[in-house]
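Please keep the sequence and the structure open while going through the points.

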Amino acid sequence: MKVLKFGGSSLADAERYLRVKDITMACHTESGAAIVLSAPKGVTNALSLLCDEAASGKDYGELFAKLNMVLFGILDDLQTNLPNFKSANLAEFIQNTLNELNQHLEGFALLRCAPEQVVAKILSIGEYVSVNIFSEILNAVGQENSIIDPVGHIIAEGEYLDSICDVSASKARFEDVDSSGKQVLIMPGFVAVNEAGEKVTLGRNGSDYSAAILAACIDAECCEIWTDVDGVYNADPNQVEGAVLLDKLTYQEAMELSYFGAKVLHPKTIGPIAQHHIPCLIRNTLNPAAPGTLISNEASTKWTSVKGISHLDDMTMFNVAGPGMKGMVGMASRVFEVMSNANISISLITQSSSEYSISFCIHSKDAGRAQDLLEDSFALELSNHLLDPIEVRHDLAIVTLVGDGMRHSKGLAAKFFSSLSQARVNNVAIAQGSSERSISTVIEANKAKKAVKIVHQNFFSSLHSIDAFLVGCGTVGKEFLGQVARQQAALLERNIKLNVYGIANSKKLLLDQNGIDLNNGWDQALQQSDKTLSVETLKDFVHANSLVNPVLIDCTSSTVIAEQYPDMMENGFHVVTPNKKANTASTEFYQLLRDTVQTTNRQFLYETTVGAGLPVIENLQKLFYAGDELTKFEGILSGSLSFVFGKLDEGLSLSEATNIAKQNGFTEPDPRDDLSGMDVARKLLIMAREAGLTLELDDIQIESVLPGSFDASGSIDEFMAKLPELDSLVAQRIEAAKQEGKVLRYVGSINQGKCVVNIQAVNDKHPLYPVKDGENALAIHSHYYQPIPYVIRGYGAGAAVTAAGVFADVMRTMPWKQS
Ligand code: ADP
Ligand code: ASP
Ligand code: MG
């Protein structure tokens, strides 16, 4: 005979009860079936809440009516969909049960408390309703069946709401049960009886345990736990994208995983089945064809080292420490005795080897009680300062890596902890079982999901994620989004998930937790958004969605945004930008940025600030890492001015050339930034600082294309309208140069620590003579590159190349992939 347990997730509505019937019938025909049922989905939660609300004097009428509706709703639907289904007796049973429930709740409301022995009765209502519904379903299809009441069969001891079964005493009670396989046996899960004959429950989620007990009691050949996922995965598949289904687990592995939070199986389940060597299969009611995960003595041959990762929330850690601890014999046992006498279960223990302190974690619900009890028990030691005041840390979680084969593999702990550091998680305490089957770390609860996700990514998945947030949707920003939209699918094929979760302009912020659909009206959605950009909003969003690799992409030219980079990095964001403002702010801020990169372990990438798509910064850095030094630099650093000056050679006027450059997206949004020389000066400063010079923007000598006498004020349009006033002046200079066989070029140079930006007339022998049409050329003279300089040349402006450069930097933020 097989035991089949169906959890609440398999019993959400009439349609699911009928699926359960089909699975039962198929199994029963083959090998005989004993069925353990949970309450319909959500019913135990509702019952528990009703008890709490009644006892605290709240109005529970609405919740009660909802429960009524759920239960009778299932009946009505079965009546409609299942021929021969008789609902009359069942309806009466449910009605009586609800009436009785109401009386108890009224009592709680009067007493303003809910005694646990009554709560146990109430919580079990859902399971009793469930088995009665199922029995009528089997009657309707002519299947003989009988309900086993756990009261009278499943003997347990301990707390009313968290009892432990005495399996051998229970087994003796099963002698009268017909397990020949003729009739289908049905038993409510979660329920047992104590020595006093009172109904108790086996702890929340305890129906799995009931199934294991029943399997042991009737010597079942197999215990199948049917739920809403295909089996046990290496992380919760509902929380971790890409979680992998495991084919097999040993009992011990299943125990560790469930103990440390894998809710798919209640940890108490393993005891009875392991002891009686009963194989256990985890299967999916919604996908019965899937083979499921086998839990037995057999280890997987497919997954041999780390099996999974799980986490436990709602943890509180106590630290008992003090100068008197050392040498105080029996301290640990006294601490733990206090806990065990109060029936408080300890999830994790660590002790410093100096014997100076003991730390342990318990469920937060027991924390207040535990603190009072410890302070009472150690009152003497506390008052004599042999112990320090007991330290209590709330809001913690335990993250655990599990696998039998871990003891044979090296470097797992290192990989585990470096993954946590990548998620910027601080370890409060660490514990490793001496079996080496698990490593656990205690961390802040709000980081748990992110930690699980990133550890999972590093251990099990080849999928990397880049979680992008774009600020600034001008030409470059828009082009970047277009490139991302075109590349997303191809990147995914290479296991890179690049999602843009946020887009902001100066007024609005659009966020989408599923990643913004870049092909479908994001600009309209942005306009309609009521959010605005702030570090806090982005940080909260990243946190709420447990994003592991957030990248801020600043495509504005805003100083205000640039000033926020350190804050963004402190909050876990990498920063990628073509915006020159941050690197050309004060030396102090420049240094702060570098320090923040170091302390936060985040990346700050700005390759596109100097040569747009050209690899300038990276190459300079490589040279300087290798000990090279800059001796001289000369170059055309402005794509827009390269374009404009090229057009001047061809006979266009300054205003005509500037207009065309602007229309082609070659200029900064405000062409004055280019013509004033300020943009080139900023680029030069960035290079100079990269080369180790300590300079401020003011130290750069700039010759503007716009003479001092020219009034360049007003709006961009006003300025463009006025620009022709300069045409003749510039034309004269061009003509003068031409007489000498020369052309004008706008050149930035660094020489002996001095930075100069000016208009130079160069002849056809000069290397910058042919550089025009938007091209940049950089000649780097260094100790290693002499007398012929290191030259970088190519288009240094334009939305496509700049966005591609930004894209390349974004890809560089990908976390270090561990082997
Ligand atoms: P049931 O109602 O059938 O008892 P539960 O909700 O108690 O179902 O357990 C199933 C859920 O356990 C799954 O939906 C899944 O979200 C969660 N879960 C947590 N960890 C794991 C894991 N490692 N493998 C599979 N499921 C897991
Ligand atoms: N119905 C109970 C609960 O929700 C037991 C179970 O489903 O396992 O906790
Ligand atoms: Mg469950």
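1. An oxygen atom of ligand 1 sits 2.8 Å from an N or O atom in the side chain of T227. That is a polar contact, meaning a pair of N or O atoms within 3.5 Å; within protein, one must be able to donate a hydrogen and the other to accept it, and residues adjacent in sequence count only if both atoms are side-chain atoms. For the side chain of N205, the distance from an N or O atom to an oxygen atom of ligand 1 is 3.2 Å. How much of ligand 1 does the protein bury? Ligand 1 taken alone exposes 570 Å², and the protein buries 91% of that. Such areas come from the Shrake-Rupley method with a 1.4 Å probe; for residues, only the protein chains shown count as cover.

2. This is a predicted model, in which local features need pLDDT of at least 70 and side-chain atom pairs count only at pLDDT 80 or more, while totals for chains, interfaces and linings use all residues. Residues are numbered from 1 along each chain as its sequence is written, chains are lettered from A and ligands numbered from 1 in the order in which they are written, and side-chain values use heavy atoms, with hydrogens and water left out.

3. There are 19 residues around ligand 1, and S9, T227, D228, D236 and N238 come nearest. A residue belongs to such a shell if one of its heavy atoms lies within 4 Å of the ligand. The shell around ligand 1 has eight nonpolar, seven polar and four charged residues. Here Ala, Val, Leu, Ile, Met, Phe, Trp, Tyr, Cys and Pro count as nonpolar, Asp, Glu, Lys and Arg as charged, and the others, Gly among them, as polar.

4. Which residues surround ligand 2? They are S38, A39, T44, E127, F190, R204, N205, G206 and S207. By class, this shell around ligand 2 divides into two nonpolar, five polar and two charged residues. R204 has a polar side-chain atom 2.6 Å from an oxygen atom of ligand 2. A polar backbone atom of N205 is 2.7 Å from an oxygen atom of ligand 2, and for an N or O atom in the side chain of S38 the distance is 2.9 Å. Ligand 2 taken alone exposes 270 Å², of which the protein buries 89%.

5. Helix α30 covers residues 799-812. Helices (H or I, at least four residues) and strands (E, at least two) are DSSP runs, numbered from the N terminus. The expected span of a helix is 1.5 Å times one less than its number of residues. For the 14 residues of α30 this gives 20 Å, and the end C-alpha atoms are 20 Å apart, so the two agree. Among the buried residues of α30 are A799, F807 and M811. Buried means under 20% relative accessible area, exposed over 50%, and partly exposed in between (1.4 Å probe, protein chains only).

6. The structure holds 17 aromatic pairs. One of them is tilted, because the rings of F459 and F460 have their centres 6.3 Å apart and their planes at 45 degrees. Rings of Phe, Tyr and Trp (its six-membered ring) pair if their centres lie within 6.5 Å; planes under 30 degrees apart count as stacked, over 60 as edge-to-face and the rest as tilted. F459 is buried at a relative accessible area of 16%, and F460 is buried at 15%. F469, Y501, F541 and F573 form one aromatic cluster.

7. Some backbone angles deserve a check. Most residues other than glycine have a negative phi, and most peptide bonds are trans. D395, in strand β16, has a positive phi near 55 degrees. Is D395 buried or exposed? D395 is exposed, because its relative accessible area is 60%. A612, in the loop between α22 (608-611) and α23 (617-625), has a positive phi of about 50 degrees. A612 counts as buried, because its relative accessibility is 5%. The peptide bond from Q786 to P787 is cis, with omega near 0 degrees, and P787 is in the loop between β29 (775-782) and β30 (790-795).
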